[in-house]
Amino acid sequence: MNDRKAKLLWDTINWDKVEKFMNKVQKRIAKATVAGNKKLVRELQRMLVHSHYAKLWAVKKVTSNRGKKTAGVDNEKWETSAQKYKAVIRLGSPGYKAKPLKRVYILKPNGKKRPLGIPTMHDRSMQALEALALDPIIESTSDDVSFGFRKARSAQDAREQLFCNLCRNYSAKWILEGDIKACFDEISHEWLETNTPMDTKKLKEFLKAGYLYKKELFPTETGTPQGGIISPILANHSLNGMKECIQVQAKPKYLGRCKVNQKIHLVRYADDCAPRKCA
């Protein structure tokens, strides 16, 4: 396909129609998940990731966010309409193989450095495509006290939940704030491959791609890279269930005939959590 035709096809896309299709299929996936119809969920996921509209949306996402000017190890960037449409066609190619991540470090407020893994534009698009089909499942099964990296949820919502738990005279008086150390870096690949409802081969490609730093290739045996589009979804997926674990420990106790409520709650924002208990 020549550049002129590819440019015309990209520039004439009806994005309202694309978004309408995406929302419709994602809603169907969410409803099937809640209903426990795993077969229908898989069929809808397969239909979505192979659809032309989903591929268009995936390429648009990675070429319109803040990282669009940052190339991966192949130094490839999609800046023109022709490049973007040709990238959509490439997403349908069989035998997907992820390239290594480009390792960079950014300075944290405490002076330490946070490692980021930058995928290539093609790998970002593949992650965005798979995330479209995975996200409605994780959203439908997530803890209701989880607020980070989720649609229509924010840090302000987490603060409101904290206020609701603490505003009464009989509420808990102590707060325990926790930050899971190297959360993204330590997630078990084996657990993700066993428990994540998506194409296992592609998931392995995302997780096992390795990274390049100073022209040296390093393997990735654990974790999901900070910088990958699908990583926040996988992190939330791995941390879901914390509320249930807390509730098991927070069951009322009895001192003689007196019932004593534990007053233990959980609020989680990404890998930051705040279980709270009265003195």
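These are legends for several close-up views of one predicted model.

A word before the views: residues are numbered from 1 along each chain as its sequence is written, and side-chain values use heavy atoms, with hydrogens and water left out. In this predicted model, local features need pLDDT of at least 70 and side-chain atom pairs count only at pLDDT 80 or more, while totals for chains, interfaces and linings use all residues.

View 1. Helices (H or I, at least four residues) and strands (E, at least two) are DSSP runs, numbered from the N terminus. Taken along the principal axes, the C-alpha atoms fill a box of roughly 80 × 45 × 30 Å. Of the 279 residues, 42% count as buried; that word means under 20% relative accessible area, with exposed being over 50% and partly exposed in between (1.4 Å probe, protein chains only). Contact here means heavy atoms within 4.5 Å. Look at contacts with a separation of 6 or more, and 70% of them come from residues 24 or more positions apart.

**View 2. Helix α3, residues 38-49.** This helix has twelve residues, and at 1.5 Å a residue they should span 16 Å; the end C-alpha atoms are 17 Å apart, which agrees. (The expected span is 1.5 Å times one less than the number of residues.) Its buried residues are V41, L44, Q45, L48 and V49. They cover an arc of only 125 degrees around the axis, so they sit on the same side of α3; the arc is that of the directions from the helix axis to the C-beta atoms. What covers them includes α2 (15-35), α4 (52-62) and α6 (121-141).

**View 3. The largest pocket.** Its volume is about 1600 Å³. Its lining takes in 47 residues, and F149, F184, G227, G228 and P232 lie nearest the centre. At least two lining residues come from each of α2, α4, β2 (113-118), α6, α8 (183-186) and α11. On a 1 Å grid over the protein atoms alone, a pocket is an open set of points where a 1.4 Å probe fits, with protein on both sides within 12 Å along at least five of seven lines; lining residues have an atom within 4 Å of a point. Grid points are joined across faces, edges and corners, and the volume is the space filled by probe spheres set on the points.

**View 4. H237 in helix α11 (residues 231-239).** H237 counts as buried because its relative accessibility is 13%. A polar atom of its side chain lies 3.1 Å from the backbone oxygen of N195. Leaving aside neighbours within four places in sequence, H237 is in contact with I138, W191, L192, N195, T196 and P197.

**View 5. S171, in the loop between α7 and β3 (174-175).** S171 is another buried residue, at 7% relative accessibility. Its side chain reaches the backbone oxygen of N165 at 3.3 Å and the backbone nitrogen of R168 at 3.1 Å. Not counting residues up to four places away in sequence, S171 touches N165, L166 and K263.

**View 6. G210, in the loop between α10 (200-207) and β5 (211-213).** With a relative accessible area of 3%, G210 is buried. Beyond its neighbours within four places in sequence, G210 is in contact with P100, L101, F218, P219 and T220. P252 is 42 residues from G210 in sequence, and their C-alpha atoms are 47 Å apart.

Conventions:
A polar contact is a pair of N or O atoms within 3.5 Å; within protein, one must be able to donate a hydrogen and the other to accept it, and residues adjacent in sequence count only if both atoms are side-chain atoms.
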